[in-house]
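Morning, everyone. Let me put the model up, and then we'll walk through it.

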Amino acid sequence: MPNRFICIHGHFYQPPRENPWLGIVEQQDSAYPHHDWNERITAECYAPNTASRILDNQRRIVDIINNYSKISFNFGPTLLSWLELNSPETYRQILTADKESRQRFSGHGSALAQAFNHMILPLANSQDKRTQILWGIADFVHRFQRQPEGLWLPETAVDIESLEIMAEAGIIFTILAPHQAKSVRRFGEDKWSDASGGRIDPKQPYRLNLPSGRAINIFFYDGPISQAVAFERLLENGEVMARRLTNGFVNGDNRDQLVHIATDGETYGHHHRFGDMALAYCLNFIEANNLAQLTIYGEYLVLCPPVQEVKISENSAWSCIHGVERWRDNCGCNTGMAEGQKQEWRKHLRLAQDWLRDQLIPLYEQAMSKYGSDPWAARNAYISLILDRSPENQAKFFQEKIHQPLTDADKIQVLKLLEMQYNAMLMYTSCGWFFDDLGGIETLQVILYAARAIQLAKETAGLDLEPGYLNLLGQAKSNFRDIGDGISVYEKLVKPERLNFSRLAAHYAIASLFEPYPREKSLFYYNFSQESYESLEHERQKLAFGRIKILSTITGEENKINFAVIHLGGQNISGGVCQEDQTCRCDCAACFKEIKEIFSAQGGEASLPLIHKCFGEYNYSLGHLFRDEQRKVLNQIIAPDAAAMEQSLRRMFEQYKPVMAAMNTLRSPLPRILHSAAKFIFNIDLRRELEKERLDLARLKQIAGELKGWPFKLDVKTLSFAAGQQLNRMMAGLFSQPEDINSLAVIDEVIKIFTNPPLRLEPDPWQMQNIYFSLGQKIYPQMKQRATGGDGLACEWLILFKRLGQELKVRIE
């Protein structure tokens, strides 16, 4: 009897979002209440798939599984890099899933590699294709500690040259869309059969023989089922999804068959809420009912090797019916959310990026040739430093890849050149072209990377490429008048992000007025050391001045900067910096002494002329703080006035509270100003209570009791997020002291208060359920055994634990 196999592939990816100068993802307001989109999608998708729920017919959790261990998946290297630093437990579970999958799938791991930063390879030059593939493989080996069998092509965009490089690097297979097949024939036959238009049979693998004599295997996923999962409503029910997959088998076919799908991994939780749970139920349903054998591509190739050869349609991709035009022209493909808009800007952005790349090539080759190494071999090897920036690894890189002694200045130059090429890679991230308008955050991001490459070209070769780049970028026009053209985007949104050592020092100086720094401080890609620092106050004004040393952990470049900055009150901050022996126009020590004397006697306004005289054009203000710190400082600045306004509103609320209560009883509408005051006070009091490290249960009950009968809605989104964080802390405390009966009772009571009227909050239960389930596996059997032996406390613990399980909808037995 033929065997039936099912494989589900998830392509998990986010574009690199880091500020090119800082190496951090800055605040993205559209991701609220999360800090940024990486954090939000991690909470909605990447983390839930590491511990996804299987429910019974009463919608109670009966099992929690790591979906990644049962499916085929790839994660973008730049996303894994972010997860490693910002969601280490999610990152750890992804790596663990690959190890577990090797036991499940005959030694083959679930994870695939991916071309490094999602560049559209058919549109890349040969050197960039090679670097993207080699970097993707190296990143995979670094993280998963094994060689990848398969590699995901960004957007499945394919050409023969990229496949040649992959095969040369040891990649065995890749995955394409069915419409990317051109023709097929059985091994040993001469005649080719037309397979274009998606007519290829996706239930078997194919071999593609390459011009070099090498070969690579191709899996063409099932298009209709993949489409149903991604864009229809198949994920509303895991059993329905399982049935749809098994319906893909052809009855009466005596061959082994593989039904497999491929979608964006974000489908399972981000695009479709609870999609991870539908996936988990689907996988469990297939296994429990013996509907098919779950497999992954590497295992299936061994079990059922190809018997047919294939030719592909080059320069094609899964998300553009026009080939790869979506990433270089106005082909008509868009997100479907931009009716009437055009994407002519894509062509001009592509032309600008290509022009910049081609200007950087001879610059890089000529500059690197001085150091006796193959420039492109050095760039390919640079991934080792991207993955590990430690001084020890840096020394190893220079020893192995640069074949001559280097001075410290030489090392800085080499690292700057390599970093220039790194940004020249990142500026081609596909999302820069995918969406609908020039002003999107993804498009802005690739222009930021281009700006960083331009800056490094000027620093290493004295060549100013910005005018030529803007001449081309300026031809790109936004659909929105307020955004304008590419030059407007560059001037308004890119240039303000650009930084040098002077701006770094200005950030440090201004921030130090509000948060005292230790002598040694690491910020972003830089280490700061105080050589001197002094601050003093005059009435409500504050002065800080000194000298710091700044070291770039990326290039090794170092500068000493003198600074003086004054906070005059409110948002009025002014100061200046100068690089020692470069931009200083005076004796800084003498200036500092005089500034201090004037400030102590007369205040900040009298000191400013001297600061401006000493530091000339290098004057900085609040606007030069980096985005996250800027918001933090602004909140500190307005805090006193905000507190005064709150007191005023609170007095109004308390004064008119009896009148408002009577009006509520009579169902008479409150005057708008009183309505706003009451709504503000209740929301702020509740939020502060929820954000406390230890919740005051009595105060929570008091606020909830007072809320009854008030005719306004709470800020449910913000309060639910805070409530979830509070419950997570409480559950973490229970996990550390699992036999604490009082904690069990309190958590149960708090959940009831949060979720019932009048609060009706919606805290995310995911982490709470994980902890509860873990306790149910580890502690519950022990307590049950003790209760059977007559332990009264254990009996009470069991009652409370089961009651909490009912609130969390988790079934232990």
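How much space lies in the largest cavity? About 80 Å³. A cavity here is a set of points, on a 1 Å grid over the protein atoms alone, where a 1.4 Å probe fits but cannot get out. Grid points are joined across faces, edges and corners, and the volume is the space filled by probe spheres set on the points.

Ground rules next. This is a predicted model: local features need pLDDT of at least 70, side-chain atom pairs count only at pLDDT 80 or more, and totals for chains, interfaces and linings use all residues. Residues are numbered from 1 along each chain as its sequence is written, and side-chain values use heavy atoms, with hydrogens and water left out.

Back to the cavities. The whole structure has five of 30 Å³ or more. Lining residues have an atom within 4 Å of a point. For the largest cavity they include Pro15, Arg17, Cys431, Glu442 and Tyr449. Two elements give two or more residues to that lining: α15 (431–434) and α16 (441–461). Helices (H or I, at least four residues) and strands (E, at least two) are DSSP runs, numbered from the N terminus. α16 gives the most, with five residues. The lining divides into six nonpolar, four polar and two charged. Ala, Val, Leu, Ile, Met, Phe, Trp, Tyr, Cys and Pro count as nonpolar, Asp, Glu, Lys and Arg as charged, and the others, Gly among them, as polar.

Now the second largest pocket. A pocket is an open set with protein on both sides within 12 Å along at least five of seven lines. This one has a volume of about 1,500 Å³. It has 47 lining residues, and the closest to its centre are Asp264, His271, Thr335, Phe434 and Phe435. α15 and α16 are among the elements that each supply at least two residues here. α6 gives the most, with five. By class, the lining has 19 nonpolar, 20 polar and eight charged residues.

On to charge pairs. A salt bridge is a side-chain nitrogen of Lys or Arg within 4 Å of a carboxyl oxygen of Asp or Glu. The count is 52. Take glutamate 309 and arginine 185, at 3.2 Å, N to O. Glutamate 309 sits in strand β14 (residues 308–312) and arginine 185 in strand β8 (residues 181–186), 124 residues apart. Is glutamate 309 buried or exposed? Buried, with a relative accessible area of 13%. The cut-offs are under 20% for buried, over 50% for exposed, and partly exposed in between (1.4 Å probe, protein chains only). Arginine 328 pairs with glutamate 325 at 2.8 Å. Arginine 328 is partly exposed, at 34%. Shared partners also join Glu646, Arg650, Asp685, Arg688 and Arg699 into one network.

Last, the backbone. Most residues other than glycine have a negative phi, and most peptide bonds are trans. Where are the exceptions? Tyrosine 32 and proline 33 are joined by a cis peptide bond, omega about 10 degrees. Proline 33 is in the loop between β1 and α1. Proline 757 and proline 758 are also joined by a cis bond. Proline 758 lies in the loop between α26 (741–755) and α27 (766–778). Arginine 760 lies in the loop between α26 and α27, and has a positive phi near 50 degrees. Arginine 760 is exposed, at 53% relative accessibility.
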